[in-house]
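Good morning, colleagues. Please look at the structure on the screen while I describe a few of its features.

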Amino acid sequence: MSGPSSSGRFALPVSEQFGPTIQGEGPFAGRVAQFIRLGGCNLSCSWCDTPYTWDETRYDLKRENPPVPVDQLIRDAHPDMLTVLSGGEPLMHQRKPGWQQLLYGLTSKGCAVQVETNGTLPPNGTTREFTAAASISPKLPNAGTHRRAQNPMLHPGWVDYVNTGQEPLARNAILKFVVADATDVDLAADYATRVGWPRDRVWVMPQGISTTELQSRWPAVARRAADIGVNATHRIHVLAFGDTRGT
């Protein structure tokens with residue numbers, strides 16, 4: 001593996017860096033992990049639980065997402081740990097030199113990097129080389145209308161790439177849909193079929209940021225998922241810690 005020798009002159013907008021904690025969602029749920037949450041998003045989901053990464057109408061984004069030197073992010077990361085790059089939409093930064101530096105530095109520390117993305121942007125060469133897994137969250141109608149008429153559809157480049165199965169990221173990318181009820185579970189399954197995504201790599205997750213809301217939706221979501229043959233995930237970090245930043 002070859003990579004940049006220094007990351008000191010690069011920075012990325014960072015909302016928070018925290019861990020050890022647990023990955024609360026998807027196939028890695030329960031696994032010890034650390035998170036780096038980057039600022040900026042090209043969508044504006046109505047139920048977004050991290051609006052402070054993108055919503056300038058409610059937050060001072062420069063204060064919420066200050067530039068942090070990449071070498072500091074790497075230095076503060078725990079070695080040999082699942083490292084989740086989230087947002088916002090982290091792949092908005094994948095053309096920046098700091099992204100390459102960050103992924104190379106984390107990988108050099110033995111970290112397995114997982115990206116959480118909305119899927120509107122395909123992975124570039126750097127992302128494909130240094131990322132071990134991706135949780136891709138296409139948006140159903142329950143996310144509402146997005147600002148600037150942004151198209152929330154999954155980029156076809158993801159499907160083409162995953163179907164090659166030639167790299168760890170291609171083999172470990174899943175679709176994860178936020179669903180409100182059993183009808184949304186059907187919509188998620190239909191969506192995956194329409195774009196040509198393998199059903200055994202589709203996950204549905206109840207919408208909610210409180211234990212009460214999640215638990216009210218979970219039985220219907222899990223039952224319908226099992227009935228039609230897709231995977232279901234809870235949000236166990238919310239059950240454990242509540243909707244609290246940095247946990």
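Predicted model: local features only at pLDDT ≥ 70, side-chain atom pairs only at ≥ 80, totals over all residues.

I begin with strand β4, where Leu82, Val84 and Ser86 on one side and Thr83 and Leu85 on the other are all buried, so that both faces of the strand are covered. In general, side chains in a regular strand alternate between the two faces of the sheet.

Which strands pair with β4? Strand β2 pairs with β4 in the parallel sense over 5 bridges, and β4 and β5 also pair in the parallel sense, over 3 bridges. Within these pairings, phenylalanine 35 stands opposite valine 84 in β4, while leucine 85 has valine 115 in β5 as its bridge partner.

The whole structure holds 5 aromatic pairs. One of them joins phenylalanine 18 and phenylalanine 35 in a stacked arrangement, with 5.3 Å centre to centre and 5° between the planes. Because phenylalanine 18 lies in strand β1 and phenylalanine 35 in strand β2, this pair ties together parts that are 17 residues apart in sequence.

Tyrosine 104 and phenylalanine 130 form an edge-to-face pair, 5.9 Å centre to centre and with 85° between the planes. Here the partners are 26 residues apart: tyrosine 104 belongs to helix α3 (residues 97-108) and phenylalanine 130 to helix α4 (residues 125-130). Phenylalanine 130 counts as buried, at 6% relative accessibility.

Two arginines also sit over rings. Arginine 128 lies over the face of tyrosine 161, 5.8 Å from the ring centre. The charged end of arginine 194 is placed over the ring of tyrosine 191, at 5.1 Å from its centre.

Finally, I turn to the largest pocket, which has about 850 Å³ of space. It is lined by 46 residues, and those closest to its centre are Glu25, Arg37, Asp49, Thr50 and Arg235. By type, the lining divides into 15 nonpolar, 19 polar and 12 charged residues. Which element gives the most to this lining? Strand β1 does, with 4 residues. Elements that each supply at least two residues include β2 (32-38), β5 (113-117) and α9 (236-241).

Methods. Residues numbered from 1 in each chain as written. Heavy atoms only, no water. 1 Å grid on protein atoms, 1.4 Å probe; cavity = no way out; pocket = protein on both sides within 12 Å on 5 of 7 lines; lining within 4 Å. Points joined across faces, edges and corners; volume = space filled by probe spheres on them. Nonpolar A, V, L, I, M, F, W, Y, C, P; charged D, E, K, R; others polar. Phe/Tyr/Trp six-rings, centres within 6.5 Å; stacked < 30°, edge-to-face > 60°. Buried < 20%, exposed > 50% of the residue type's maximum accessible area, 1.4 Å probe, protein only. Lys NZ or Arg CZ within 6 Å of the ring centre and 35° of its normal. Pairing = 2+ DSSP bridges.
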